[in-house]
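Let's take a walk through this chain together, from its overall layout down to a few side chains. Have the viewer open and follow along.

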Amino acid sequence: MPQKTLADTLAARETVYVNCAHPMCGRSTKLDIQALIDRLGPDHGSMHQDLVGRFGCLKCSRWPPP
């Protein structure tokens with residue numbers, strides 16, 4: 001089980017952002033934790049290593065992230 005889950009993050013009212021890795025873009029977007037729970041489940045990890053690779057950038061169309 002991950003050290004910190006999406007349910008833990010939601011309960012703590014924490015904010016999580018994802019940033020585009022493209023050097024010419026760098027867009028930052030606030031994640032909807034409840035939507036992630038609906039999609040991935042409450043026991044899914046919420047740390048970087050748990051979420052990296054699950055997002056693409058809508059601004060520059062970079063997918064998948066490095």
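**A tour of the chain**

Residues 24 or more positions apart account for 56% of the chain's contacts with a separation of 6 or more. Keep in mind that this is a predicted model.

Start with the layout. The chain has three helices and two strands, and reading from the N terminus the elements run α-β-β-α-α. Of the 66 residues, 24% are buried. The accessible surface comes to about 4,800 Å², with carbon and sulfur atoms contributing 52% of that area.

Now turn to the interior. In soluble globular proteins, nonpolar side chains tend to be buried together. Here, the largest nonpolar core has eight residues: Leu-6, Val-16, Leu-31, Ile-33, Leu-36, Ile-37, Leu-51 and Phe-55. Helix 2, spanning residues 33-40, gives the most to this core, with three residues.

Finally, look for charged partners. How many salt bridges does the count come to? The count comes to one, and it joins the side chains of Glu-14 and Lys-4 at 2.5 Å, N to O. The two residues sit ten apart, with Glu-14 in the loop between helix 1 (6-11) and strand 1 (17-19) and Lys-4 in the segment before helix 1. Glu-14 has a relative accessible area of 35%, so it counts as partly exposed. Lys-4, at 23%, is also partly exposed, because buried means under 20%.

Note on methods: Residues numbered from 1 in each chain as written. Predicted model: local features only at pLDDT ≥ 70, side-chain atom pairs only at ≥ 80, totals over all residues. Heavy atoms only, no water. Core = buried A, V, L, I, M, F, W, Y, C linked by side-chain atoms within 4.5 Å. Buried < 20%, exposed > 50% of the residue type's maximum accessible area, 1.4 Å probe, protein only. Helix = DSSP H or I, 4+ residues; strand = E, 2+ residues; numbered from the N terminus. Contact = heavy atoms within 4.5 Å. Areas by Shrake-Rupley, 256 points an atom, 1.4 Å probe, with all protein chains shown as cover. Salt bridge = Lys/Arg side-chain N within 4 Å of Asp/Glu carboxyl O.
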